Structures are given as C-alpha cells and as structure tokens.
Amino acid sequence: MPNTLAHIGIQAVITRGTIAAAPPGWIWLGCILPDLPWIGLRLLRALPVAPPVHDARLWAVVASSLPFCLLAAGALACLSRRPARIFAILGLGAALHLILDATQAKWGNGAILWAPFDWRPVSLAFYWPEDPTTLVLSLLGLAVFAWAVAFWRKPARLAGGRRRPLLAGVLALLCGVGIVVAMPLAERADPHGIATLRGTDTRAGRCIAFDRARVGPDADGRTVLHVWTGEALRIADGALPDPPATISVQACFTTADTVRIRAAHVHVGGWRDRMSYVGLALIGLWWAAVGYGRLRHRRFTTARRSGGPGRRP
C-alpha cells in the first residue's frame, strides 16, 4: 500500500473537491480506515497469546475489504452530528484508499475491491513504493496537512444522545459477524496465499507471491526467505540479494519448506513504514487536539453555568 502520508495528500484534495468544507479530522480518518485492521493485526501479534497466524491474516484481509470498510464507516458516522455527510466522507475515503492501493505494485497483495463477489486482490502495478510517484504523493501529504493546520480548522463534531451510539454498536456488531461469516468464502480465493500456506501437505508444485518478505539467515546461517507466517523457507534456486534485505518475490514450492524463485524486487528498507508512522502520528495529534478542544469547551461551558471564572460579565 502507499504510505499514510501519500493517502493524506491525494485523498484530502479529492475529498475536499467533492464534498465542500469536509471536516479535516473525518477526512484523515477516511484516509486510514482500511488500514485499521492491519494496525490491529500488528497489535494482536504483540500479545503474549496471539491468534492463529493464518486466521488473523484472513481476518485483516476481509475486514479491510470495501464492503466492511463501508460498514465501519457507517458505524463511525453514527457518532457524528451529521451522519449522512460524515458517512459520505468516510466512505469516499475508504474507497479512494483502496483504489490508490490498487495502483501500486504488490506481489501477493492488493486491494479487495469487488467483495463479496470476488475476493481476489487487485494490483495494477503502476509503480513501486520506492518510485518517485510515491515520494511526490508523500510530499503532497505533508503540504496538505500543513495547509489544513493553517486554514482547515472546522472541528470534527461528535453526536450526543443515546440512539446514535446504539446504532453505531449495531452496525459494528453486524460488521464483526459479517467478517467471521465471510472468512471461509474469502479463503477460497487464496488472497495473500493464505490457503496455500495453510495446506503444508499440498504446497509442493504450487506457486505463490509474497509482498515484502525478508531475506536473512536461519539458525544454521543459511540464507532463507522469512515470510509473514513466521516460516523460514529454504531457497532451491533463484537469485536473491545479500541479506538483510526486504523483497517482494514470486516463487513456486518444490517441497513444503523450499521454494524456487521466479522473480524478486528489492525494496528500500523502511521507507514506507517511516512515512506511514509520520502520517499516523499527524492524524493522532490532530484528533488529540480535537479532544483537548472539546474538553476545554466543556469546562468553560460548565464554569459559565455555575457562575465560575469562565462566565462572561
């Protein structure tokens, strides 16, 4: 996927051009909505007792697909003062995010755009994360965010009352149940090679692709391919860069734990992750400022009602 800064840049411009005076906070949330399951997956892996790796990956794949992003957008929109408008902002943001993801080259990865009818990831492979296109989009993201801080100060207003939070909870529950129901259906399409990797006894002779696998030594010092399941696959044939390196790779299994490399692309280490961390930090700071502003407003309003220092003469 393009990094978070890249999403901020192009999506904010399109959203503000489509929905006049769209609040920036909700635009930022729409920029990262499909990434939230993947962030959650990283947090799950850090737990002392993590869920099965294949099921966790499949959950993230399904949860980040367009239909469930739209359900999540509906749940979040119910917490706003203008749910229809905010749903349009979040839904557009989720769709733009996935479309932008689909433009990038991602072997063994991609955006799920046509679920539930087609669970195959879409990757148009126009450019790699290290290409100048991504750098331009990232710089655009920094510029747009700076512009928003200076001129787009309309707050993200949250709703009061009980009915809308209840509806948000119902939509969130529907989203969660739907993900669990859809997981077996999605696995049949073998997104991210999940079905191939789960079936260790049937791997031999099957081909697979990995997005951002790691080349490094195993316990015996041999150069192996470390993939997202935690496995270290031995290399039967094919050229690999000197370790350590992060690569996208197309390969075929010769045995259950050995692959023959067909093609490999070396990534610039850490570029995408660092730009994503910067973008996520900026979004977090924006929402922290919104929360702080609401807290100050609430204290001022309470003081005025009680005749305290916040009361105007």
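These are my notebook entries on one predicted protein model.

**Entry 1: overall layout**

I started with the whole chain. The protein has 313 residues, and 44% of them count as buried. I listed the secondary structure next and got 10 helices and 5 strands. The C-alpha atoms fill a box of roughly 80 × 40 × 40 Å along the principal axes.

**Entry 2: the strands**

I asked how the strands are arranged. They form a closed barrel of 5 strands, in the order β1-β2-β3-β5-β4. The pairing is mixed. On average, neighbouring strands are turned by 55 degrees against each other, direction ignored.

I took one pairing in detail. β4 covers residues 245-255 and β5 covers residues 258-267. The two pair in the antiparallel sense, over 9 bridges. I followed Q250 across to β5 and found A263 as its bridge partner.

**Entry 3: helix α2 and its tryptophans**

I checked how covered α2 is. The helix is mostly covered, with 9 of its 9 residues buried. Among them are P24, G25, I27 and C31.

Next I searched the whole structure for aromatic pairs and got 6. One of them is W26 with W287, an edge-to-face pair. Their centres are 5.4 Å apart, with 80 degrees between the planes. W26 sits in α2 (residues 24-32) and W287 in α10 (residues 271-306). The pair therefore links parts of the chain that are 261 residues apart. W26 is buried, at a relative accessible area of 3%. W287 is partly exposed, at 23%.

Then I turned to W28 and W286. Their ring centres lie 5.8 Å apart and their planes meet at 85 degrees, so this pair is edge-to-face. W28 is in α2 and W286 in α10, so the pair ties together parts 258 residues apart in sequence. W28 counts as buried because its relative accessibility is 0%, under the 20% limit. W286 also falls under that limit, at 13%, and so counts as buried. I asked which residues join W28 and W286 in a ring cluster. F145 does: ring pairs link W28, F145 and W286.

I looked for a charge over a ring. R57 lies over the face of W228, at 4.6 Å from the ring centre.

R57 came up again when I checked L41. L41 lies in helix α3, residues 36-45. L41 is buried, at 3% relative accessibility. Leaving out residues up to four places away in sequence, L41 touches A56, R57 and A60. I also took a distance from L41 to V53, 12 residues along the chain. Their C-alpha atoms are separated by 9.6 Å.

**Entry 4: the loop between α6 and α7**

This loop runs between α6 (83-103) and α7 (132-151), and Q104 is found in it. Is Q104 buried or exposed? Q104 is buried, at 0% relative accessibility. Its side chain makes a polar contact of 3.5 Å with the side chain of T134.

P116 is in the loop between α6 and α7 too. A cis peptide bond joins A115 and P116, with omega at about 5 degrees. A125 is another residue of this loop. A125 has a positive phi of about 60 degrees although it is not a glycine. A125 is partly exposed, at 46%.

**Entry 5: other backbone notes**

I kept going with the backbone. Most residues other than glycine have a negative phi, and most peptide bonds are trans. I noted a cis bond from P243 to P244, with omega near -5 degrees. P244 lies in the loop between β3 (232-237) and β4. A21 has a positive phi of about 55 degrees and is not a glycine. A21 lies in the loop between α1 (4-18) and α2. A21 counts as partly exposed, at 40% relative accessibility.

**Entry 6: R296**

I ended on R296, which is found in α10. R296 is exposed, with a relative accessible area of 54%. I asked how its C-alpha atom lies relative to that of R164, 132 residues apart along the chain. The two C-alpha atoms are separated by 24 Å.

Methods. Residues are numbered from 1 along each chain as its sequence is written. This is a predicted model: local features need pLDDT of at least 70, side-chain atom pairs count only at pLDDT 80 or more; totals for chains, interfaces and linings use all residues. Side-chain values use heavy atoms; hydrogens and water are left out. Rings of Phe, Tyr and Trp (its six-membered ring) pair if their centres lie within 6.5 Å; planes under 30 degrees apart count as stacked, over 60 as edge-to-face and the rest as tilted. Helices (H or I, at least four residues) and strands (E, at least two) are DSSP runs, numbered from the N terminus. Buried means under 20% relative accessible area, exposed over 50%, partly exposed in between (1.4 Å probe, protein chains only). A charge sits over a ring if NZ of Lys or CZ of Arg is within 6 Å of the ring centre and within 35 degrees of the ring normal. A polar contact is a pair of N or O atoms within 3.5 Å; within protein, one must be able to donate a hydrogen and the other to accept it, and residues adjacent in sequence count only if both atoms are side-chain atoms. Contact means heavy atoms within 4.5 Å. Two strands pair if DSSP finds at least two bridges between them. Axes are lines fitted to C-alpha atoms, for helices over the stretch in contact, and angles run from 0 to 180 degrees between N-to-C directions.
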